[in-house]
Amino acid sequence: MSLCGGSGPAAAPRLRPRAAQMARRPELLCGAAIVLGCAFLVALKVTCRVPLPKVQVLKEDEAREEIQRNHSSCRAKDVTMPAKLPVNFFSTRSPVIDLFRGQLDYADHLRQDSEIVLYFFYAPWCGQSIAAREEIEHVASRLSDQVLFVAVNCWWNQGKCRKQKHFFYFPVIHLYHRSFGPIEYKGPMSAVYIEKFVRRVMTPLLYISSRSKLLDFLSNYEPGVLGYFEFNASPQPPGYLTFFTSALHSLKKDYLGTIRFGVITDKHVAEEISLVHSGSVYLHRRVNTSLIYPNDIMNYTAENICKWALENRETLIRWLRPHGGKSLLLNNELKKGPALLIFIPYNPLAEIHPLLDEITKVALEYHNCNKSQAAEPDLRHLGDTDSPAFDSSVPDAHMKLPETFSITKYPCCNTVVLPQWHSISRTHNVCELCINQTLGVKPNKVHVPHCNFLEIEAALDSFYLQEHTFFQVISNTIECSNFLSFYSPFSYYTACCRTVNRHFLSFISSEKTIFQTPKVAFSSHGKKDNTQHSIPHIEDRNCFIPNLHISGINITGLSCRTNKTLNLYLLDSNLFWIYAERLGASRSTHRKEFAAIVDLKEEVHYVLDQNQSLVGSALENFIKNFSILYSPLKRHLVDDPSVHFHEQRVITEVTTNTFHDTVFLSEKNVLLLYYAQWCGFCASLNHVFIQLARLLPPDNFTVARIDTTRNDLPWEFMTDHLPTILFFPHQRKEQSVKFPEDFSVNLPNLLKFILHHSSLSSSEPCTKECLHKETVLQQGHISHLEREIQKLRSEISALHQAHDQLEAQLSEARREEHRLQQQKHTLEKKHKNLQLHSEQLQATYDQKNQELLEMAEKLQELADASENLLKENTLLRVLVASREGKLQSKDEIKESLQSEQTLSEDSDVSVSTATATLEEKRIDNIDTVETEHNSGNRTE
């Protein structure tokens, strides 16, 4: 039976017509081939699978795993190279214990025997880990006798640290205080900061036993939390461990450690801040009322105490410590409002910080809106007061205040912009309207001088509706007058008016900016004085009216009296001076002290004069000048100091400092390109501007560019689109023109644009002399262009000659290339012949080598046979010698026997014959044994 189910001869006639049909239709043959190929692939695939009945028996998950396992057995296994074994990250002489194989279990074992432990988790390849290694060693060299330093490699794939810890960044520092932890350190990887944080963990509480120590604690700029515990009855009073743990919790939540925790151990010292009962907790605040922890509302737990302190702390000034990577820290803080950034060199380990204390005093005065002594107790006389500050739950704890405040100390004023219809507006446009200074203002219930809105409104009504005659207080400066109001119990108000001109007049070359300082002119009523004086700084404002007190003069509580409240921030200039340089700090200065106000909403920032020392008075004046209505501060324009100027450059590079001289003071037409280093479209225009600069006459035109990312300009000259092209015509620089964005930036369009706008006439009628100058200028342009065209034609002819020379050189090169190709083919043939000859020689060499090997084998066999023959010859000689010896001994025996026979009697004949017969048999046996032995040796 055949496979088809029928006999062979019977199936053959049926297959012949199908074969003939396939021959007539080849597509059937192709289809059959495809079907057979698919069947073959399916058969191969089935061979690597598990039999179907077995898969049906298994569960679904087990069947899938079994199929994957069988499939993997059919594939080649992946070959991976094992990782190299880790090596020591720290030196063997270092005080840091280096667990470079990630032995986290051994690290936990070490922690059980130490009170303070610092874990340094690192990755050997991490650059930041390598940089922090030296800092950790420096800290360990100072604190190794008190703290256990352990470094763990958390990158080794076979270590337990890699398997149990899943860090997203390196290095990571964890601290443990006995069983409490981990406390992660997220500050700068600097030795002084790390040591400061470790010392905070070592001693989270400061023990205060005297009034002087209490004064030092409360005088610190950081918020303070004090707890009172009586240690007389017990070494660990109730609540002490909870308070201790809350201090560690604060370090865990706030790695900067801005809250200081202290413990008062003396009852009389505790009474100075109204702590009577043991276990009471006090939060010290300088501006607002200090608080006592409400035990009746919140549970007395470490988490609650820490949360209460963090929520109610008073942050007058905040440290900013950007980590250097991508972060929204600065952006989030600047979005809160105008910020005063102060850069000072700071050493966390130093005991005193005079400059920081001075800045803290300024911040305290700036935020002290209460203006009462209740907000900040007199710390120098702690012993003279019963309770300087209490919780708000004690209503009678406030100190007595004066019943009245002098308006000369706390004025109530409002700035008025005069409308055009007012009679005084002919000479003045701004007035300062105040309540009469001869009257007093009673404080309200919160002990703050009250400024009634109705009183100001009444004064405004009287001022706008009545005509008044102003008298001159100081000649040519300010006019002031008292006037009567019919709408308020207060009879008189004071109005002092002046003129403020805020026009764009001219440029000041000494300041290298196109902004004019706002001018102020003061004159008597009915007169106009052309004398102009710059707006005075607020610290110099008293020179105009010595007896007039304005609300902006005193910095105390200024944050509550202005709508431009500043947030105060500190940055360590030793770590973040690069930010100060970006804001405009000098790079060559050795004194790293800098202050700047950044207003993100207005997109401006102001810089404190670096020639002044960064002291409290300078900061106060800086804050006052920013806070007043017409601020004399000028927007700081950042300049790129890295630009080097070359006289022979075709395109002039413009910076912030050279913008005014190059564009406005120049007597040339200026074409300015705004670009950036990252702008690809700007880079593609370089060749166009180089050609344009070469075409335009250098005596009349300047082609310049400015990098907008490194140079700030006044707002009217900034752009939000790159590249941007501005043209400043000669003698009409204020009528600058922007190159149309819908035009392609090429040489013909730029030339048309420049020639069109440079030839426009001014708005004033031109005289004959002007027309003559314009004609001469146009003729000069035409002659220059003709010269340039002639140069271009000569360059074109030279290019044609060069083209012909290049064509001749190319033809010669092609012929040389053809000749080289022929030589190449010839060399290739020779190379093939040599290769064949080499192969033949190699085959001959292999054949001869094989023959030599065979001959060597035969010679070795002959040598072995000859050696065997020599051995057999030696043995034969030995056998012959032994045989001869035996024959001789036989003869001797026979002779002795014969002699014995002659001597013996006939009686002994029979005995002798038997004896001889036995002896011969014995000798024959010995010969037979020796012969067999020798033949056996020869056979071997």
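Helices (H or I, at least four residues) and strands (E, at least two) are DSSP runs, numbered from the N terminus. The protein has 23 helices and 27 strands. This is a predicted model, in which local features need pLDDT of at least 70 and side-chain atom pairs count only at pLDDT 80 or more, while totals for chains, interfaces and linings use all residues. Residues are numbered from 1 along each chain as its sequence is written, and side-chain values use heavy atoms, with hydrogens and water left out.

**First stop: the loop with P171.** Select P171, in the loop between α7 (160–164) and β4 (172–177). The peptide bond from F170 to P171 is cis, with omega near -5°. Next, select P723, placed in the loop between β25 (701–707) and β26 (724–728). The bond from L722 to P723 is likewise cis, with omega near -5°. Most residues other than glycine have a negative phi, and most peptide bonds are trans.

**Second stop: positive phi.** Select S274, in the loop between α11 and β9. S274 is not a glycine, yet has a positive phi of about 65°. S274 is buried, with a relative accessible area of 11%; buried means under 20% relative accessible area, exposed over 50%, and partly exposed in between (1.4 Å probe, protein chains only). Then move to E603, in the loop between β21 (594–599) and β22 (604–607). Phi of E603 is near 55°, also a positive value, but E603 counts as exposed, at 54% relative accessibility.

**Fourth stop: the cores.** A nonpolar core is a set of buried Ala, Val, Leu, Ile, Met, Phe, Trp, Tyr and Cys residues joined through side-chain atoms within 4.5 Å. In the largest, of 79 residues, select L118, F120, L340 and I344, which have the most contacts inside it. Apart from it lies another core, of 23 residues, among them V688, L695, I725 and L750.

**Last stop: L755.** Select helix α21 (residues 747–758), where L755 is found. L755 is partly exposed, with a relative accessible area of 34%.
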